[in-house]
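Hi everyone, thanks for making time for this. Please have the sequence and the viewer ready, and we'll walk through the structure together.

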Amino acid sequence: MKHRGRHRRRRRGRALRATLAGMALALTAAATMISTSQATDADDPGALKPLTAAADTAPLRLTEHAVPGAELDRLTASMGPAVGVGAVLADPDGALKDADDCTDDDRRALPVEPAVTTAYCWPERDTDGWRAGAVTTSGDADEDGRWGPHRVILSGWTRSSGTPAEQGLARIAFVAADDDRAPRYTWALLAVPEDGGRDFRGLGSDVSGMVWYQDKLLVTAGRGEGGALYVYDLDRVQRASVDARAVGRVPGGWSAAGARYVLPAVASYGTAGAGAPRPGGIALDRSTAPDSLVAHEATAPEEEGPTRLWRYAFGPRPERGALLRTDPVEVYATELTDVRGVLAHRSDWYVSRAAGAPEERGTLWRQDAKGASPVRCGADETYRCWSGPATSLSYWQATGDVWAQSGRMLFALPLAAVDEALER
């Protein structure tokens, strides 16, 4: 039975890739209509520039602030026993749609080149008023790509409409990816304990970067949060007992802005000084020893650059030691601006760049100490081949796939395909 199921998935995968390849051809045809001026929209950024001076590295030094265990225990005692990832996956809110069932408008968010091999879209009814953000997977959490028996994708979203109190709320979807048929998902609100664990508030942040490492989830923090990263324990998911738009303790129990689950933060990391660069996108790199977290600087669209990229090593964590080592082990500058996603694998850094306008596509570059190469597409070899609104990148080492999210599309493509497109 196990082998027959695998063959069915392979046949389905081939059919899906054929469908997506057809979409890519249509998008490539559209790309040939892009003007020659857009084909050279970004000058060659050249090689990464190492930054080693203390003035460049010291502001990136991290300070860890742990939420006292007594506060977390008090919150758990009031809300009820925490549940794990498996329990959340078994209690879905809805299902994603296969790419061929998605609207043309949604599919336009897919890259032109390289062609995606897996793609789904989110239902409009469940994401209206929310902006898609970062993606991480159980491929980050563990080398075998699973969390227990499950393959899981975590998808981040930020509230973009509603009342002032609702705008900026952050939530994640736990997506069951055990097979490729209509993955089901469950929402959980990202929260921060307050009043000594007697209450919680919503995390107010664009979810521009996420990494799931072992049992912890690291999430980028917005400027108003006063930190660089927040840390969540995936063994401490709490149930909300009241379905309401409010957040925190309410008459009759606990509310999570309509979500049925809550993740309270267990720690945060701050950088040195109010003017220190904040991480925008983050990603896990398992090609280093020890494993490391890479980040790109969060910048405003109008900033001219350069943009900083850097790396923190994960700690050994004996008996609950520090998750991250506090000093960056590498810091670079890239001449690319409007950076929205970053990956690092071996000596290569992959950097996605946002589009200049909503209707335009973004670019995807590979940089190292020697130079830079863009993905090209279309008859005029334009660089604008990537998804315009795409956010972070996440590499699933066990499968070789890169996952990303753009608009309402959640998609994957092999890292090998990215390298092939870069070498043309």
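Let's start with a question: in which sense do strand 22 and strand 23 pair, and over how many bridges? The pairing is antiparallel, and it runs over six bridges. Before I go further, please keep in mind that this is a predicted model.

Now stay with those two strands for a moment. They form a hairpin with two residues between them, and in the turn you'll find Arg346, which has a positive phi of about 55°. If you want a landmark, look for His345, which stands opposite Asp348 in strand 23. Strand 22 covers residues 339-345, and six of its seven residues are buried, so the strand is largely enclosed by the rest of the structure.

Let's zoom out. The protein chain has nine helices and 28 strands. Of its 424 residues, 57% are buried. Among contacts with a separation of 6 or more, 65% are between residues 24 or more positions apart.

Five strands form an open sheet in the order 1-21-20-19-18, with antiparallel pairing. Which strands stand at the edges? They are strand 1 (49-50) and strand 18 (279-285); each has a single partner strand, so one side of each is left without a neighbour in the sheet. Further inside the order, strand 20 (residues 307-313) and strand 21 (residues 330-334) run antiparallel and are joined by five bridges.

Side chains of opposite charge can pair when their charged atoms come close. The structure holds 20 salt bridges. One of them joins Arg311 and Asp285, with the closest N and O atoms 2.8 Å apart. Arg311 is in strand 20 and Asp285 in strand 18, so this pair links parts of the chain 26 residues apart. Are these two buried or exposed? Both Arg311 and Asp285 are buried.

Asp106 pairs with Arg408, and their closest N and O atoms are 3.4 Å apart. Asp106 lies in helix 6 (residues 104-107), while Arg408 is in the loop between strand 27 (401-406) and strand 28 (409-414), so the pair ties together parts that are 302 residues apart in sequence. Asp106 is buried, with a relative accessible area of 11%, whereas Arg408 counts as partly exposed at 24%.

Last topic: aromatic rings. A pair of aromatic rings is described by the distance of the centres and the angle of the planes. The count here comes to 12 aromatic pairs. Why is the pair of Trp157 and Trp187 called edge-to-face? The ring centres are 6.2 Å apart and the planes are at 85°, so the pair is edge-to-face. Trp157 sits in strand 7 (residues 152-159) and Trp187 in strand 9 (residues 184-194), and they are 30 residues apart. Both of these tryptophans are buried.

Phe200 and Trp254 make a stacked pair, 5.6 Å centre to centre with 15° between the planes. Phe200 lies in strand 10 (residues 199-202) and Trp254 in strand 16 (residues 253-256), so the pair ties together parts 54 residues apart in sequence. Both Phe200 and Trp254 are buried as well.

Let me finish by going back to Trp187. Trp122, Trp157, Tyr185 and Trp187 form one aromatic cluster. The charged end of Arg171 sits over the ring of Trp187, 3.5 Å from its centre. Arg171 also lies over the face of Trp130, at 3.9 Å from the ring centre.

Methods:
Residues numbered from 1 in each chain as written. Predicted model: local features only at pLDDT ≥ 70, side-chain atom pairs only at ≥ 80, totals over all residues. Heavy atoms only, no water. Phe/Tyr/Trp six-rings, centres within 6.5 Å; stacked < 30°, edge-to-face > 60°. Helix = DSSP H or I, 4+ residues; strand = E, 2+ residues; numbered from the N terminus. Buried < 20%, exposed > 50% of the residue type's maximum accessible area, 1.4 Å probe, protein only. Lys NZ or Arg CZ within 6 Å of the ring centre and 35° of its normal. Pairing = 2+ DSSP bridges. Contact = heavy atoms within 4.5 Å. Salt bridge = Lys/Arg side-chain N within 4 Å of Asp/Glu carboxyl O.
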